[in-house]
Amino acid sequence: MSNAMYNKMWHQTQEALNSLLDKESQKLVEQEKNPVYIFQMLATFYIKYVQIFRNLENVYDQIVHPQKRLLIRKILDGTMGRILELKNDMVELELSEFHYFDDILQDLKLAPKLAIKSMPFEEAIKLIQVAERARQGRLRALFMKQIYLQEYRAKQARLLGEKVADAGAAALRIQKVWRGFCQSKRTEREREEEMIFLGMNPPPLFDQVSAAIMQAEKVNLLRSAVQLRHEEGYREALVTIKNHLQQTEGPDIKESLRDQIRQWFIECRNLTGSFPEYPNVEDGGSAMIFSNKTPEQVIEDILASQEEEEKNKKKGKKAQKEEKKKVVKEKPKVKEEEEEWKMSRSAFLPSMKEGSDVYKDTWMNKDESQNFPQDYDEELIKKEKRKEVEAEIRVQVDELMRQELKNLKLAVNKEIELPVRAGKKGKKKNKGKKGKRGKRGKKDKDLTADRTIESLFKELVEEGLLIQARKVNLSDYIGEYSYLGTTLRHVSIEPMPSLLDVRQLITLYGILPLGSAAVHEKAPLVKSLLLAGPSGVGKKMLVHTICTETGANLFNLSAANIAGKYPGKNGLQMMLHMVFKVARQLQPSVVWIEDTEKTFYKKVPNNEKMNDPKRLKKQLPKILKLLKPDDRILIVGTTQRPFDAELQSFCRAYQKIILVPRPDYASRYVLWKQIIQRNGGVLTKALNISCLAKVTDGFTQGNIVRVVKGVLTDRRIRQQIQKPLTPAEFIPLIAGMNPVYKEEEECFKNWYAKTPLGRKRVLALTVGGREKETEKGKKKGKKERKKNV
């Protein structure tokens, strides 16, 4: 796809974003009481923003124009942040980390996977007809085979009754057998070709990488190289163009600023009878007065401010008292309004609107027919750098004009500034600075001020506290969506989350905020995350996935890993100081606590008392308080026995708790299929994947991976051509493993119901309320979505 196509995709996505921003601005004003309608509105916005995010991500990855990429990245960060805000609103409304959009996706005519296009009705009928004809063909082939076998058996019976044939008859018999064998092979080959033609079987070399895919990968590598080259050229142009502007336009800008400020002196003197006070450097200097204003507009502002001052003086105390009474009377009304739900203000909508405005003003109707290589636009850089040059020159001009103003006052008004007054001001400023320094010294006491980050990094690696994360992509966490979530909730059954629901939460709470500093600073802050689930469901893998996708450093503060290291209270303080100092300097960072229930044991087992597993119990809440929005640090705990921990302190340490379940049938089917292929296995008709998925109900991803690796040895992979894989080969290894029993799964459910969010969810379902909501909200939501479609 060419740059023109991606530019077109950007324009279409931008139009969709602009219309969505307009709808959101309307909903911000509206108030609503029905929680069902509110959730459907939030979910609709969420789904549409996810679509926009995916398109923008694709465009950002492929466009090579450096200035466009900067703007797209700004809008992309805003979109990611808005997705996180909507997710936070949905969690607060539904009191659950997991949401199901089956009915909403159906109303919006979207498949559960947003990237898949819907199939036309005629094509669906054709596909069913092809499958039905293939089924009839298989039945007919089976019938003809039975007839052939009957005739063959009758013929053999007749031949056995005859005398021994001569040499000619024997040769004829051999010919018949050979021709029959050749015909059966030809029929089998034609049958296979027919099945491939009908789409019932995959074509040969289906699993191998095609030449087109290899060519596409080469193009992507070339595009990445062009992007880097253009960005380097753009960065160099920022410096060279700025220097050129300083040399060519700098003197003219300096002279015009001085003339403008002198005119302001004279006009103020004529209007007020005295020269004005020059604004301080801290207030912005003359830029505060002349920000996008002409001298005439400045004079009008001076007159208007004088009139306002006179009016304020005329206002008496009675008027002020009446206003206070009005405010007091209006307070109860505010309480009534607070009962209705209103969409919370977004920290990202302003930046998204600003980006959309820049797009409309600069790129929407810009003719780029002459910019075929998609290099930087010199005029846009000049426009941007001209402001910077003017700001730098203004600082110099302000210094000169301050002195000129003093000379004018001395010459015209005979005014002399008293040095005592200036001294007093200086003392006050110094006092304030001293006070601030003193406070900082107490809060941020650096225990390793004399050491470099490199030396601390080296020590943490040697002690095993800073470890290397395994390279595991998010796509390697295989699973399937839950398509019956909404249906189960309608009958008051709380479904277990699917593996892709968990993967989505890891993306929202871990990868997006850590991957973007702009998103992390403004989005709802998630400082700590707990992954709870049975052994083998991929908790450790998800921790490494977060590090791989964001490029984060991985620190291991597990009870077993810190046992015996940095002993004593001072040692513990030094260890945590070093870990979080390096984590801040080299962010993003992930602090992992494996088997985190040990840190919050109700009762420490006798065999673990020597290791002191509860060393971090009191320190973790303090650490969380010190983490700020600009610290891209995430504390992740993993546990397979959360019931052994003290619930209150456990929930106080972890803001978000995610249950990682065992895979359901759909996820097991996908797991078996992909893991066999990734380990060198070949899928044939002899290997019934559906059978394996049903048999392994209750088994985890870890069990399935171990079974596949145990069966697919190097020797067995080489034998697959003559001896295809069968389900029976996997059964013996499965039989020797323990599944996750329903009782264990219920223990996790019951434990989660005792967590703060779980208690709120149970209370909302039992006392009142959400299952008894009327269908009014649903009907209203459907109407809104039909309008949107």
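Guide: Buried means under 20% relative accessible area, exposed over 50%, and partly exposed in between, with a 1.4 Å probe and protein chains only. This is a predicted model, in which local features need pLDDT of at least 70 and side-chain atom pairs count only at pLDDT 80 or more, while totals for chains, interfaces and linings use all residues. Residues are numbered from 1 along each chain as its sequence is written, and side-chain values use heavy atoms, with hydrogens and water left out.

Visitor: Is aspartate 595 buried, partly exposed or exposed?

Guide: Aspartate 595 belongs to the loop between S4 and H21; helices (H or I, at least four residues) and strands (E, at least two) are DSSP runs, numbered from the N terminus. Its phi is near 50°, a positive value in a residue other than glycine. With a relative accessible area of 23%, aspartate 595 is partly exposed.

Visitor: Glutamine 374 has a positive phi as well. Is glutamine 374 buried or exposed?

Guide: Glutamine 374 is found in the loop between helix H11 (349–363) and H12. Its phi is about 60°, although it is not a glycine. Its relative accessibility is 3%, so glutamine 374 counts as buried.

Visitor: How much of the protein is made up of buried residues?

Guide: The protein has 30 helices and six strands. Its accessible surface, by the Shrake-Rupley method with a 1.4 Å probe and only the protein chains shown counting as cover for residues, comes to about 48,500 Å², of which 54% belongs to carbon and sulfur atoms. Of the 789 residues, the buried share is 39%.

Visitor: Which residues is tyrosine 49 in contact with, leaving aside its neighbours within four places in sequence?

Guide: Contact means heavy atoms within 4.5 Å. Tyrosine 49 is one of the residues with the most contacts inside the largest core. With those neighbours left aside, it is in contact with Leu17, Leu20, Leu21, Glu24, Thr79, Arg82, Ile83, Leu86, Leu349 and Met352.

Visitor: What is the order of the strands in the sheet?

Guide: Two strands pair if DSSP finds at least two bridges between them. S2 (residues 528–532) and S5 (residues 633–639) pair in the parallel sense over five bridges, and four bridges join S2 to S6, also parallel. The edge strands, S1 (466–467) and S6, each pair on one side only. The sheet is open, has six strands with mixed pairing, and its order is S1-S3-S4-S5-S2-S6.

Visitor: Which residues of S2 are buried on each side?

Guide: In a regular strand the side chains alternate between the two faces of the sheet. In S2, five of its five residues are buried. Leucine 530 has glycine 637 of S5 as its bridge partner, and leucine 529 stands opposite lysine 656 in S6. Both faces are covered, with Leu529 and Leu531 buried on one side and Ser528, Leu530 and Ala532 on the other.

Visitor: Why is the pair of phenylalanine 600 and tyrosine 654 called edge-to-face?

Guide: Rings of Phe, Tyr and Trp (its six-membered ring) pair if their centres lie within 6.5 Å; planes under 30 degrees apart count as stacked, over 60 as edge-to-face and the rest as tilted. The structure holds 15 aromatic pairs. In this one the ring centres are 6.4 Å apart and the planes at 70°, so the pair is edge-to-face.

Visitor: Which residues form the aromatic cluster with Phe600 and Tyr654?

Guide: Both phenylalanine 600 and tyrosine 654 are buried. Phenylalanine 600 lies in the loop between S4 (589–594) and H21 (619–626), and tyrosine 654 in the loop between H22 (647–653) and S6 (656–659), so the pair ties together parts that are 54 residues apart in sequence. The one cluster that Phe600 and Tyr654 form also holds Phe650 and Trp751.

How values were computed: Core = buried A, V, L, I, M, F, W, Y, C linked by side-chain atoms within 4.5 Å.
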